[in-house]
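Thank you all for making the time today.

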Amino acid sequence: MTIRRKVLAISSPGGHWIQLTRICAGLEASHDLVYAMPDKLFKAQKNKVYSVPDVSADDKWKLLPCAVKVAYILLRERPQVILSTGAAPGVVAVFLGKLLGIRTIWVDSIANVRKISRSGEMVQKRADIFLTQWEHLAQSNEVRYQGSVL
Amino acid sequence: MIFVAVGTQFAFDRLVRCVDEWAAINQVTVQAQIAEGEYIPKHAQWERFMTTAVFNQHLEAASLIVSHAGMGNIITALEKRKPIIVMNRQSVLGEHRNDHQSDGLEWMSQLPGVFTARSCEELRSLLKQASTLTASDAATSNERRARLISFLDQAIRS
């Protein structure tokens, strides 16, 4: 029971980040967490937070600088697990994580109540564990429900 | 004091104007975070963006939060035990890329201490009865969060 893992927790700012930090608050005692988020507008109140370029549907070209930065973080920190609540920075991290053989866990945002988020759909088949926070959206083993932040 | 917060991604002039005009008539103190909005409050104190520390300060001082239907503000208000009214952005009015905030209202309204409005009229009728809007007194969601964290802890170890 004393296995500590190094975890990279990564998300967009705003609601995704708030959900991520609430989850991670419960994991920090048992694992070593490193964080990454776009922090242009808002400085995270944590010690080790890497800044990554933000990407949204309006500026997809930023995927490239975002991917470069996430790759740098993964190679430097060598986490054993990637944990994300979305959106685009999480997709980038899951893709790169699979490439590097890192376990990936996706917790789809609680804001997506009718269907899985767009970013979630992109990683649904790639993430090692894919969770929804809505019981009615769970489907067998590919999309599972195991509780929620609220 | 009412604290209005529209998030950092987009403006939400419809919400800011709705509360500002109502508060001017009813002489209620309002502090507003308005992002890149074009509507400048005439009555409310306002800032476009604020640091987390300043944001939390206003939140603590407020008796009621009025917010866009954003996850961040909902969680923060629930944790600080403040009643919160949320109004959804509408993509047809150019307020967001899609209508996930409208979907969100369906489940947000299930949470104790969260009140939802789909229009300025609905928002104002809630504001009129502001004194009856109370925060959740029990952390009903603690169990769901504990389950999620415990599952993730095991998943990370395995």
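This is a predicted model: local features need pLDDT of at least 70, side-chain atom pairs count only at pLDDT 80 or more; totals for chains, interfaces and linings use all residues.

If we now step back to the whole sheet of chain B, we find an open sheet of six strands, which follow one another in the order β3-β2-β1-β4-β5-β6, with parallel pairing. At its edges are β3 (45–47) and β6 (114–117) of chain B, each of which pairs on one side only. On average, and ignoring direction, neighbouring strands here are turned by 20 degrees against each other.

Which strands does helix α1 of chain B lie across? This helix, residues 13–26, lies across β1, β2 (30–33), β4 and β5 (84–87) of chain B, and it runs at about 160 degrees to β1(B). Helix α3 of chain B, residues 71–79, also packs on the sheet, where it touches β1, β4, β5 and β6 of chain B, and its direction makes about 170 degrees with that of β5(B).

Let me turn to chain A, where seven strands form an open sheet with parallel pairing, in the order β3-β2-β1-β4-β5-β6-β7. Its edges are held by β3 (49–51) and β7 (144–145) of chain A, and because each has a single partner strand, one side of each is left without a neighbour in the sheet. Within this sheet, strand β1 of chain A (residues 6–11) runs parallel to strand β4 of chain A (residues 81–86), and five bridges join them; here A:Ala9 stands opposite A:Leu83 in β4(A).

Helix α1(A) packs on this sheet, touching β1, β2 (32–37), β4 and β5 (103–107) of chain A, and its direction makes about 155 degrees with that of β1(A). Helix α3 of chain A, residues 88–100, lies across β1, β2, β4 and β5 of chain A, running at about 155 degrees to β4(A).

Finally, how many residues of chain A are in contact with chain B? There are 32, and they meet 31 residues of chain B. The largest share of chain A's side, five residues, comes from helix α1 (residues 15–25) of chain A. Sorted by class, that side of chain A has 16 nonpolar, 12 polar and four charged residues.

Key. Residues are numbered from 1 along each chain as its sequence is written. Chains are lettered from A and ligands numbered from 1 in the order in which they are written. Two residues are in contact if their C-beta atoms, placed from the backbone, lie within 7 Å. Helices (H or I, at least four residues) and strands (E, at least two) are DSSP runs, numbered from the N terminus. Ala, Val, Leu, Ile, Met, Phe, Trp, Tyr, Cys and Pro count as nonpolar, Asp, Glu, Lys and Arg as charged, and the others, Gly among them, as polar. Two strands pair if DSSP finds at least two bridges between them. Axes are lines fitted to C-alpha atoms, for helices over the stretch in contact, and angles run from 0 to 180 degrees between N-to-C directions.
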